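This report describes a pocket, a nonpolar core and the salt bridges of one protein model. The sequence and structure are shown first.

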Amino acid sequence: MTAYAVAHLRTLSDHDDVLTYIEKIQNTMQPYGGRFLVHGSAVEVVEGEWPGALVVVSFPDLRAAHDWYASPAYREILPLRTDHIAGDVVLAQGVEPDYDARATAAAIRASRSC
């Protein structure tokens, strides 16, 4: 099942290290089937606040996302970004194509009545 790496980069920087990170990240993702879905696009804030930028990368599954993030190639370039940009990164598993939120609500309601 598809998994995602989602980054909320709260501060931005065009430091040379950050540009080097951007130049090198693609090669670290390719062996794990990673591909950018969103990369620094402007976001339209419709609720709350969102300072900074959004990055979303898809992977074939959660194991591939974890393996990429822990890979020596990615760990080597990671400080190029983290030394200059504050942000948060999460890995999350997606839902099946037939996912229905109503079933989730029903399951939660059923568990509360026990």
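## Largest pocket

The largest pocket is lined by 25 residues, and Leu 9, Tyr 21, His 39, Val 55 and Arg 81 lie nearest its centre. Two or more lining residues come from each of strand S1 (3-9), helix H1 (16-29), strand S2 (35-39), strand S3 (53-59) and helix H3 (72-82). H1 gives the largest share of the lining, 5 residues. By type, the lining divides into 19 nonpolar, 5 polar and 1 charged residues. The volume of this pocket is about 370 Å³.

A pocket is here an open set of points on a 1 Å grid over the protein atoms alone, where a 1.4 Å probe fits and protein lies on both sides within 12 Å along at least five of seven lines; lining residues have an atom within 4 Å of a point. Helices (H or I, at least four residues) and strands (E, at least two) are DSSP runs numbered from the N terminus.

## Basis of the model

The model is predicted: local features need pLDDT of at least 70, side-chain atom pairs count only at pLDDT 80 or more, and totals for chains, interfaces and linings use all residues. Residues are numbered from 1 along each chain as its sequence is written, and side-chain values use heavy atoms, with hydrogens and water left out.

Neighbours within four places in sequence aside, Val 57 is in contact (heavy atoms within 4.5 Å) with residues including Ala 3, Tyr 4, Met 29 and Phe 36.

## Salt bridges

The structure holds 3 salt bridges, each a side-chain nitrogen of Lys or Arg within 4 Å of a carboxyl oxygen of Asp or Glu. Asp 88 pairs with Arg 10 (2.4 Å, N to O). Because Asp 88 lies in strand S4 (residues 87-93) and Arg 10 in the loop between S1 and H1, the pair ties together parts 78 residues apart in sequence.

Arg 63 and Asp 67 form another salt bridge (3.0 Å, N to O); they are 4 residues apart in helix H2, about one helical turn. Arg 102 is bridged to Asp 100, with the closest N and O atoms 2.7 Å apart.

Key:
Points joined across faces, edges and corners; volume = space filled by probe spheres on them. Nonpolar A, V, L, I, M, F, W, Y, C, P; charged D, E, K, R; others polar.
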